Amino acid sequence: MLVFILRRLVQAIIVMLTVAFIAFMLFQYVGDPVTNLLGQDATEEQRVALRHDLGLDAPFPVQFARFIGNALQGEFGLSLRQGRKVSSLIVERFPATLELSMVAGLIALGVGIPLGVYAALRRGRASSQLLMMFSLLGVSLPTFLIGILLILVFAVWLKWLPSFGRGDVTAFGTWTTGLLTADGLRHVLLPAITLSVFQLTLIMRLVRAEMLEVLRTDYIKFARARGLSNNIVYFGHALKNTLVPVITITGLQLGSLIAFAIITETVFQWPGMGLLFIQAVQFADIPVMAAYLCLISFIFVTINLLVDLLYFAVDPRLRVEGKAH
């Protein structure tokens, strides 16, 4: 296990360095931040002076090495748009994105797994067919369209829920949350549902397919032959083995909830990392964009490591193979 973890950590470091290099290299061509800061009427002397102050006149290897050195210390430089430390912007915005992603993930898991089990056990019935039709819509419809439809129905027509913002929040030092206030809970519902629809339907279809596959295996037939009740067969044997491949997809989806919350945060003006990244792209704010991609890659790498470790806890065959080697 220790060798496995060390190998994963080395791979994670290589992935992080690669992502940082590619991101920093690509963002050199998204625009000129000096023009955005000074405007079109600035003189050439002003441009040269500001470029020197920002360190943009240094060679690319020097800029990248400086970025990596600062990142290792938790610093990503100054935002060219706001003139603030990027690390402070991340600390300020990340709680909102994490809160939205956690609620969306709970909705996707709490609804997707039971619906997938139901669709597998009631295969061929009208209710199961309706669920599969719903899952196709959830996978096919773009996120921004789902968000707009939810705003139209629940915010404009019914006036039940707010359509933008985060609502009232409670602060714990630098960390803020809206999950402890009634107004914050009302504000998070629509964006969380919007963000969870694709993951929910994907998990539901995966659980259904895996459940049907497991129910056809020999040990399930043997369990039935022993006279075990359907509940024990379905939930004590079949569901447990169904969850092994689901863990991988679920782990990656939880990472993608944070990474791809950009569209949802833009539609609902949710003050999170995604909205910060969109504003940074429009302004060619290279430090913010690079820091965002590094953070997202770190989250994916961490989740992948946790998923691999969960394999050993859920699937005993992997532990036996590890001892054999």
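Biologist: By the salt-bridge rule, what does the count come to?

Modeller: The rule asks for a side-chain nitrogen of Lys or Arg within 4 Å of a carboxyl oxygen of Asp or Glu. This is a predicted model, so local features need pLDDT of at least 70 and side-chain atom pairs count only at pLDDT 80 or more, while totals for chains, interfaces and linings use all residues. Residues are numbered from 1 along each chain as its sequence is written, and side-chain values use heavy atoms, with hydrogens and water left out. On that basis, the number of salt bridges is four.

Biologist: Which residue forms a salt bridge with Glu 99?

Modeller: Glu 99 sits in helix α5 (residues 86–121), and its partner is in the loop between α7 (143–157) and β1 (170–172), so the pair ties together parts 67 residues apart in sequence. Helices (H or I, at least four residues) and strands (E, at least two) are DSSP runs numbered from the N terminus. Both members of the pair are buried, meaning under 20% relative accessible area, with exposed being over 50% and partly exposed in between (1.4 Å probe, protein chains only). With the closest N and O atoms 3.3 Å apart, the partner is Arg 166.

Biologist: What is the relative accessible area of Arg 216?

Modeller: Arg 216 pairs with Glu 213 in a salt bridge, their closest N and O atoms lying 3.0 Å apart. Glu 213 is partly exposed at 46%. Arg 216 is partly exposed too, and its value is 48%.

Biologist: Within what arc do the buried residues of α6 fall?

Modeller: The buried ones are Ser 128, Leu 131, Met 132, Ser 135 and Gly 138. In an α-helix there are 3.6 residues a turn, so residues three or four places apart point the same way. The arc is taken over the directions from the helix axis to the C-beta atoms. The buried residues of α6 line one face of the helix, because seen down the axis they fall within 120°.

Biologist: Which elements do the buried residues of α6 pack against?

Modeller: The other side of α6 has exposed residues, including Leu 130 and Leu 137. Contact here means heavy atoms within 4.5 Å. The buried residues of α6 pack against α5 and α8.

Biologist: Which element gives the most to the lining of the largest pocket?

Modeller: On a 1 Å grid over the protein atoms alone, a pocket is an open set of points with protein on both sides within 12 Å along at least five of seven lines, a cavity is a set where a 1.4 Å probe fits but cannot get out, and lining residues have an atom within 4 Å of a point. The largest pocket holds about 400 Å³, and among the lining residues closest to its centre are Phe 76 and Pro 287. Volume is the space filled by probe spheres set on the points, which are joined across faces, edges and corners. With four residues, the top contributor is α4.

Biologist: Where does the largest share of the lining of the largest cavity come from?

Modeller: The search finds one cavity of 30 Å³ or more. Its lining includes Gly 105, Gln 199 and Thr 250, and α5, α8 and α10 (230–259) each supply at least two residues. The largest share, four residues, comes from α10.
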